[in-house]
Structures are given as structure tokens and as C-alpha cells.
Amino acid sequence: GGIKLLASDQYIIVVGTTTIHLLDSISWGQVVLFALVASLVVPMIALVIGAIAKNKVEGFAFMKSSGLIVMLPLLSMLTTFQDWKQYLLGIIPNFWTMKALLNQIYLSMGQTNDSDLSFAMYMIIGAVYTIFIGVLSMKFFLKKQNLK
């Protein structure tokens, strides 16, 4: 939301005489919904790291490497993942929210794909999937900590 508010005029693409403002296609409601659904990934990652790290140093190393997982949904921008193969990335919890945002940007550029879903569907699937993985992470954490 901060980027949309403070720097949306910096996120533009100029093609010939056409100027495309990328963040203008994303409404404030979509920004809030994106933030809520995307934030569900954080406790899941924290629980997994807490369950598998044996000490602080190991936990820090896992935290730093978890940044790679956050970037993996950007693979959906490659032409290889523009059709049905994009859903192979769906096992990554934040894929669904990132794909929703990318699709909104693609729509502002006039690009559509028959295999894409609507923003709302990506958000619903993302919320349900992330909550499911979060519950599994909680059970894994409790089992590792011998609390259940």
C-alpha cells in the first residue's frame, strides 16, 4: 500500500507513445486483501523454523534462506509458466497471492491468459491453502516441542 501511495508514479512502462501505470490497476481494496492473505504465510514460516532449528544460529540461517521461497512465485512470469504449468508453482504458499497481483498488472498492460483465474479466486485459494499449511505447521511445531 505504501508503494501505491508514495511511489505509484515511478512504476510505469512506456511502450512507444503508450504509458502504462502499473499500480493504477490495483484498487485499495485489493491492496488490503492482498496484505491480509499474504500475511498468513509469516506464522507458518516461523512455526516451521521454530520446529526444525536446533539453536539460534541455525534458526537465523533458515530465516535467511526462507527468502528464496518468497521469491519463487516470480517464476510464473517466465513464458514457461504462462499456461497450465503455472499451477505447478501452487505448492508454494505465497504463489496464490503473488499471482493475483501479477495478473492485475498484466491486465493493465492488456495481457490475458485463458488459464488465469480472477483476483478473488486466487485470494480465496491462497487463504484456504495457507491456513491449511499453517495448521499443519502448528501440529508439526507442537509435535517437535512435545506439547501435544
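**Figure 1. Lining of the second largest pocket.** Helix H3 (41-52), helix H4 (56-71) and H6 each supply two or more residues, that is at least two, to the lining of the second largest pocket. This is a predicted model: local features need pLDDT of at least 70, side-chain atom pairs count only at pLDDT 80 or more, and totals for chains, interfaces and linings use all residues. Residues are numbered from 1 along each chain as its sequence is written, and side-chain values use heavy atoms, with hydrogens and water left out. Helices are DSSP runs (H or I, at least four residues), numbered from the N terminus. H3 gives the most to this lining, with six residues. The pocket has a volume of about 300 Å³. It is lined by 17 residues; Met44, Ile45, Val48, Ser66 and Ile69 lie nearest its centre. By class, the lining has 13 nonpolar, four polar and no charged residues. Here Ala, Val, Leu, Ile, Met, Phe, Trp, Tyr, Cys and Pro count as nonpolar, Asp, Glu, Lys and Arg as charged, and the others, Gly among them, as polar. A pocket is an open set of points on a 1 Å grid over the protein atoms alone, where a 1.4 Å probe fits, with protein on both sides within 12 Å along at least five of seven lines; lining residues have an atom within 4 Å of a point. A volume is the space filled by probe spheres set on the points, which are joined across faces, edges and corners.

**Figure 2. The largest pocket.** About 480 Å³ of space lies in this pocket. Of its 19 lining residues, Ile3, Leu23, Ile26, Leu101 and Ile105 are the closest to the centre. Helix H1 (2-7), helix H2 (28-38) and H5 are the elements that give two or more residues to the lining. H5 has the largest share, five residues. By class, the lining has 17 nonpolar, one polar and one charged residues.

**Figure 3. Packing of H5 and H6.** Helix H5 (residues 95-108) and helix H6 (residues 119-144) pack at about 170°, with axes 8 Å apart. Axes are lines fitted to C-alpha atoms over the stretch in contact, and angles run from 0 to 180 degrees between N-to-C directions. The two helices are therefore roughly antiparallel (over 145 degrees). Contact means heavy atoms within 4.5 Å. On the H5 side are Trp96, Thr97, Lys99, Ala100, Leu101, Asn103 and Gln104; they meet Phe119, Tyr122, Met123, Ile125, Gly126 and Tyr129 in H6. By class, this contact has eight nonpolar, four polar and one charged residues.

Figure 4. Asn94 lies in the loop between H4 and H5. Asn94 is buried, at 9% relative accessible area (buried means under 20%, with a 1.4 Å probe and protein chains only). Not counting residues up to four places away in sequence, Asn94 touches Val41, Ile69, Val70 and Pro73.

Notes. Parallel < 35°, antiparallel > 145°, perpendicular 65-115°, else oblique. Buried < 20%, exposed > 50% of the residue type's maximum accessible area, 1.4 Å probe, protein only.
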